[in-house]
Every structure is written in structure tokens, then in C-alpha cells.
Amino acid sequence: MFERFTKDARAVVRTAVAHAESRGAQTVDAGQLLLALLDREASRASFALAALGLDAARKDSVRQALDEARRRAGLSRADTDALAGLGIDVLEIISRVEETHGVGAMSGDRKDRAWWSGRRAFGRDAKDTLEKALRMAVARHDQHIGDEHLLLALTARPGVASEVLADHGVTYEALNRVLYGDGEARATG
């Protein structure tokens, strides 16, 4: 599949791996793919994000929201709301765990980075995002998978990344409109 990736899409994947390494994470997740997309300049995805009003300050806000979700062990607001409906207060659990083990203890990041020296695997949500990007490119009859397809896939899949993007005005519909125009919306595969 990676042979069909553009130079920009490959750079996103490499940068996502670097984000995982810098956090000491064993796997690359969808949040790290989003962080890598936020780092891009002069690509289709970066232009689309700018067109939707995601300037440097708002990108920082997205990064902070991803950090908060990571602190909640990757749970989205929908997840925490569902648990609250069952009488489980996620914020109270986080507070107690952090009281004992330190801030960010539930993030899954390792402070001791020497423990892992191999290649970073892709987590289920990152793999699903890459697969969704492929399906979207195929559905559009595109001959390549660009960083715009990765961004579209993040907005089309439920999870923290799409929730954070939607909170900042970047939805699948808005992104599709910016990238392809109003009349060209197609199935997402």
C-alpha cells in the first residue's frame, strides 16, 4: 500500500512514527497521524486545514486536546459520557491514578524511552485510518494516496482524532467541500 503514497503522505507516516518515538509509545495511533498532519506545510492537507481556519494557534489547541485525550487513556468524550451513564466517573479515576502514579500515568507513554528499540507498530486505529484512506482514494479513482486522504480518513472514522477535529471546525463534509468542491462528494468506501 505504501508504494501508492505520495511524498507528503509518506512524510506524514514518518512523522507520526517520530511522534510515537518521542513519547515513548510502543505503537503509532491515529492521534499521532493527526499530529503529523498538523506539522505539514505546503501540502494538500495543510492547505485544506488553513482554508478551514486552522491557523497556528488553533493547531496548538488541537494538540492540547489530543494531549488531554491521551491523558484520559485515549477515551473520547463519547466514551467518557457513556461510562458516566453507567456511573463511572473517568475524571475521578484519572485523578486517583495520577495521585498515585503521576500526571499522565494513564496515557500509555513510557517515561523510560530506552525500553523499546525496535520499529513502531501501528495500532488498530492507525491501521484502520490508513485502510480508510486507501478506500477513499480508490472511491475517488485517484491513482495515489495523499496526505489529504489521510486527513479525510481521520474525519470519517469515529474516535478522538475526528472528535477533536470536529471541535475545531474540521468535519468530513467541510473537508470534502474544500478539497473537492460542493458537487463532488462521493462514497467513502
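Glutamate 68 and arginine 71 both belong to helix H4, where they sit 3 residues apart, about one turn of the helix. In this predicted model, their side chains meet in a salt bridge with an N to O distance of 3.5 Å. Glutamate 68 has a relative accessible area of 40% and is therefore partly exposed. Arginine 71, at 30%, is also partly exposed.

Salt bridges with shared partners link Asp39, Asp60 and Arg63 into one network. Within it, aspartate 60 forms a salt bridge with arginine 63, and their closest N and O atoms are 3.3 Å apart. Both residues lie in helix H4 (residues 56-71), 3 residues apart, about one turn of the helix. Aspartate 60 is partly exposed at 42% relative accessibility, and arginine 63 is partly exposed at 23%.

How many salt bridges does the count give? The count comes to 10 salt bridges. Side chains of opposite charge can pair when their charged atoms come close. One of the pairs is formed by the side chains of arginine 40 and aspartate 8, at 2.4 Å from N to O. Are the two partners buried or exposed? Arginine 40 is buried, because its relative accessible area of 18% is under the 20% cut-off. Aspartate 8 counts as buried too, at 19% relative accessibility.

| Salt bridge | N to O distance |
|---|---|
| Arginine 40 and aspartate 8 | 2.4 Å |
| Aspartate 60 and arginine 63 | 3.3 Å |
| Glutamate 68 and arginine 71 | 3.5 Å |

The next topic is helix packing. Two packed helices are described by the angle between their axes and the distance between the axes.

The axes of H1 and H2 come within 8 Å and cross at roughly 120°. This angle makes H1 oblique to H2, and the crossing is right-handed. On the H1 side, the contact is made by Val12, Thr15, Ala16, His19, Ala20 and Arg23. H2 contributes Gln32, Leu33, Leu35, Ala36, Leu37 and Asp39. By class, the residues of this contact between H1 and H2 comprise 7 nonpolar, 3 polar and 2 charged.

Helix H2 (residues 30-39) also packs with helix H8 (residues 147-156): their axes come within 10 Å and cross at roughly 135°. H2 is therefore oblique to H8, and the crossing of H2 and H8 is left-handed. Ala30, Leu33, Leu34 and Leu37 of H2 meet Asp147, Leu150, Leu151 and Leu154 of H8. The contact of H2 with H8 has 7 nonpolar residues, no polar residues and 1 charged residue.

Leucine 38 is a further residue of helix H2. At 3% relative accessibility, leucine 38 counts as buried. Which residues does leucine 38 touch, leaving aside those up to four places away in sequence? They are Leu49, Leu54, Lys59, Val62 and Arg63. The C-alpha atom of leucine 38 is separated by 9.2 Å from that of valine 12, and the two residues are 26 residues apart along the chain.

Notes. Residues numbered from 1 in each chain as written. Predicted model: local features only at pLDDT ≥ 70, side-chain atom pairs only at ≥ 80, totals over all residues. Heavy atoms only, no water. Axes fitted to C-alpha atoms, helices over the stretch in contact; angles between N-to-C directions. Helix = DSSP H or I, 4+ residues; strand = E, 2+ residues; numbered from the N terminus. Parallel < 35°, antiparallel > 145°, perpendicular 65-115°, else oblique. Left-handed = near helix turned anticlockwise from the far one by under 90°. Contact = heavy atoms within 4.5 Å. Nonpolar A, V, L, I, M, F, W, Y, C, P; charged D, E, K, R; others polar. Buried < 20%, exposed > 50% of the residue type's maximum accessible area, 1.4 Å probe, protein only. Salt bridge = Lys/Arg side-chain N within 4 Å of Asp/Glu carboxyl O.
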